[in-house]
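Subject: Structure handover

Hello,

Here is the structure for you to take over. Please load it first, then read the notes below.

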Amino acid sequence: MKTKIALFSALALACGVCLAQYPNKAITTVVGFAPGGGTDTVSRIVARTLGEQLGQQVLTDNRAGAGGNIATDFVVRSAPDGYTLYLANVGAIAVNPHLLPLHYDPLRDLAPITMAVVFPNLVVVQPTVPASTLAEFIKLARENPGKYTYGSSGIGGAGQLAGELLKMMANIDLTHVPFKGGGPAMQAMLGGQIHSYFATPVAAGPHVKAGKVKALATTGPKRDPFMADVPTVAESGYPGYQATNWYGYYVPAQTPKDIVERLNRELVKALHSSEVKDLLGKQGLEAAPGRPEELAAFSKSESETWAKVVKQAGIKAQ
């Protein structure tokens, strides 16, 4: 009994020492997509303020590919010491495990810290597409099955899920074209390589305002306050349609609880700071930080929801 008490005391002391010294070097936030997309932009906005609070540099590491699986795999294998954070999206956490067998389980092998942002996607089309409303675009797609394409940030990402859900509810045939992130997808859109794009506000918002693409609808349950004149898909004739995107912060599962709590406090503080809120607002995003247990429950719920959509839509990894 005395041996066990001594062991627990030693572990508690070690954890306390670890927290007292944390952080004593740069921290890296891993994102699963190329520069210029939503996760990359949010990571860099938060990194500066978080670094100032912690007294250490916070870097962003882009590990694009496989719909976020490359990044998830890297984080799962990283040391659970609080120096590798993961800003993951809905696809990496709640969709990819249902697309193909993985050696890890995000719900088991990652520890949630806090939600970062929750937001709808935008359904945007090229200016050359002869449609100014979602109804007009759907009519075009029905009259020309398979002709029109839609882009997304990758297989299993929120953009593809939003697109496949619309295809199912509107009974249309759009050809999916995945990219390695929102940045490359937006460049393809601007270059005329795809007709439409289920885009994040970060990727598409500035181009909508500049008149380079047309916004037909948003995919959330209500209008986006940053684009109040753009109707939702539900308002456009498909009641019940809802496909939100979200990014959350995670660390490897065995990260000490004290470090997880410290990161939660610092990230919540950073996300609530006026500078971060203003910068996110310019991207059409609103911070939504919370407790680790809240993100854990939400991650599980989202996984269950999108597992059904993946199965019904027949989404396959490529």
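**Salt bridges**

The count comes to 13 salt bridges. Please note that this is a predicted model. One of the pairs is Arg44 with Asp40. The closest N and O atoms of Arg44 and Asp40 are 2.8 Å apart. Where do the two sit relative to each other in helix H2? Arg44 and Asp40 are 4 residues apart in that helix, so about one helical turn separates them.

**The sheet with S1 to S4 and S10**

Five strands make up an open sheet. Their order is S2-S1-S3-S10-S4, and the pairing is mixed. Which strands are at the edges? They are S2 (58-62) and S4 (110-120), and each of these pairs on one side only. Neighbouring strands in this sheet are turned by 25 degrees against each other on average, with direction ignored.

As a general point, strands of a sheet pair through backbone hydrogen bonds, either parallel or antiparallel. S1 (residues 27-31) and S3 (residues 84-89) run parallel. They are joined by 3 bridges. Thr29 has Leu85 in S3 as its bridge partner.

Helix H3 (residues 69-77) lies across S1, S2, S3, S4 and S10. H3 runs at about 150 degrees to S3.

**The sheet with S5 to S9**

Another open sheet has 5 strands in the order S7-S6-S8-S5-S9. Here, too, the pairing is mixed. The edge strands are S7 (175-178) and S9 (214-218), and each pairs on one side only. From one strand to the next, the twist averages 25 degrees.

How do S5 and S9 run, parallel or antiparallel? S5 (residues 122-125) runs antiparallel to S9, and 4 bridges join the two. Val124 has Ala215 as its bridge partner in S9.

Two helices to look at on this sheet are H6 and H7. H6 (residues 134-143) lies across S5, S8 and S9, at about 100 degrees to S9. H7 packs on the sheet and touches S6 (149-152), S7 and S8. The direction of H7 makes about 150 degrees with that of S6.

**The cavity**

How many cavities of 30 Å³ or more are there? The count comes to 1. About 140 Å³ of space lies in the largest cavity. Its lining has 20 residues. Gly38, Ser153, Gly182, Thr200 and Tyr247 lie nearest the centre.

Which elements each supply at least two residues of the lining? They are helix H2 (38-54), helix H7 (158-170), strand S8 (196-199) and strand S10 (244-252). S8 gives the most, with 3 residues. By class, the lining has 7 nonpolar and 13 polar residues.

H2 holds the Arg44 and Asp40 pair. S10 stands between S3 and S4 in its sheet order. S8 stands between S6 and S5 in the order of its own sheet.

**Backbone points to check**

Most residues other than glycine have a negative phi, and most peptide bonds are trans. Please look at two places with that in mind.

- The peptide bond from Tyr22 to Pro23 is cis, with omega near -10 degrees. Pro23 lies in the loop between helix H1 (2-21) and S1.
- Ala66 has a phi near 55 degrees, a positive value in a residue other than glycine. Ala66 is placed in the loop between S2 and H3.

Over to you.

Best wishes

Key. Residues numbered from 1 in each chain as written. Predicted model: local features only at pLDDT ≥ 70, side-chain atom pairs only at ≥ 80, totals over all residues. Heavy atoms only, no water. 1 Å grid on protein atoms, 1.4 Å probe; cavity = no way out; pocket = protein on both sides within 12 Å on 5 of 7 lines; lining within 4 Å. Points joined across faces, edges and corners; volume = space filled by probe spheres on them. Nonpolar A, V, L, I, M, F, W, Y, C, P; charged D, E, K, R; others polar. Pairing = 2+ DSSP bridges. Axes fitted to C-alpha atoms, helices over the stretch in contact; angles between N-to-C directions. Contact = heavy atoms within 4.5 Å. Salt bridge = Lys/Arg side-chain N within 4 Å of Asp/Glu carboxyl O.
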